[in-house]
Amino acid sequence: MTYSKWLFAMLTLGALGTRAFAEPQRTVFTVENQFPRWEQIETGARVRFMESTVGATTFERTEVVPYLRYGIREHIAVQVGIPFVDLSPDIGSSESGIGDVEATFQLRAYEDIFGYPYFIPHLSVTLPTGDDDKGLGNGDPVWTAGISYGNKLYNHVSWVLDARYRINPNSDNQAMAGASLLWHVSPELDFLFETRWMNNAGAFGDSSEVQVLAGMIYNWTRDVQMGVHAGAGSEDTDAIGLFRLSYSF
């Protein structure tokens, strides 16, 4: 074997050695190149909080979402989440119950040999399991299709762009674009800054909103990962909070 082939083999093994930790999605507004291995299971829960103002009413929406993610192949992942929703307006009564179940499919269509750049088409659908009369669901399936592109800026900095289109049967469709910047401090710790643009259609007319989010990801062990995020929006969204804990096996 020539020297160049030895060098190539050593670099490839080194790259594989850096992927020792579990690989849940670290980003929120984009889909990152973090996939479970073939037949690997990832389970956990997300707690999402959002405070928004619609007209003269302020809503606090909290969702606890247990989820399961499975690697069908090395480059294909499917995820199912079941949200439990608590909706509290400052005027009127609060509602709580199960929300719309969401299934997501992610395909790593292209990945360079060292992991960057990559393209990931993705598709999600929500099932109308939540009561739309109480504001816990949409009443009909909602489809969201998109594609992510990611690359590396420096050795410890990577970024992701994500374009999506959401089909809402009961309201106008939505176009969305997101961007994520990740600073990989160590194999255990990452810092994130994310932003997302979306066009909103509501009772008070169409508008565009920009949301920003900052977060931290920490790997407690090879299999246990925690994420904490906080942010706000430019229009209806006053505050956003997200906490996630996952376990891969």
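1. A charge is taken to sit over a ring if NZ of Lys or CZ of Arg is within 6 Å of the ring centre and within 35 degrees of the ring normal. In this predicted model, Arg46 lies over the face of Tyr67, at 5.2 Å from the ring centre, and the charged end of Arg108 is placed over the ring of Phe35, at 4.7 Å from its centre.

2. The count of aromatic pairs comes to six. One of them joins Tyr116 and Tyr118 in a tilted arrangement, with 5.9 Å centre to centre and 50 degrees between the planes; Tyr118 counts as buried because its relative accessibility is 1%, where buried means under 20%.

3. Tyr218 and Trp220 also form an aromatic pair, which is edge-to-face, at 4.9 Å centre to centre and with 75 degrees between the planes. Tyr218, at 30% relative accessibility, counts as partly exposed, whereas Trp220, at 53%, counts as exposed.

4. Ring pairs also link Phe119, Tyr149 and Trp159 into a cluster.

5. The side chain of Ser88 makes a polar contact of 3.1 Å with the side chain of Asp86, and a polar contact of 3.4 Å joins the side chains of Ser88 and Ser94.

Definitions and conventions
Residues numbered from 1 in each chain as written. Predicted model: local features only at pLDDT ≥ 70, side-chain atom pairs only at ≥ 80, totals over all residues. Heavy atoms only, no water. Polar contact = N/O pair within 3.5 Å; in protein donor to acceptor, adjacent residues only side chain to side chain. Phe/Tyr/Trp six-rings, centres within 6.5 Å; stacked < 30°, edge-to-face > 60°. Buried < 20%, exposed > 50% of the residue type's maximum accessible area, 1.4 Å probe, protein only.
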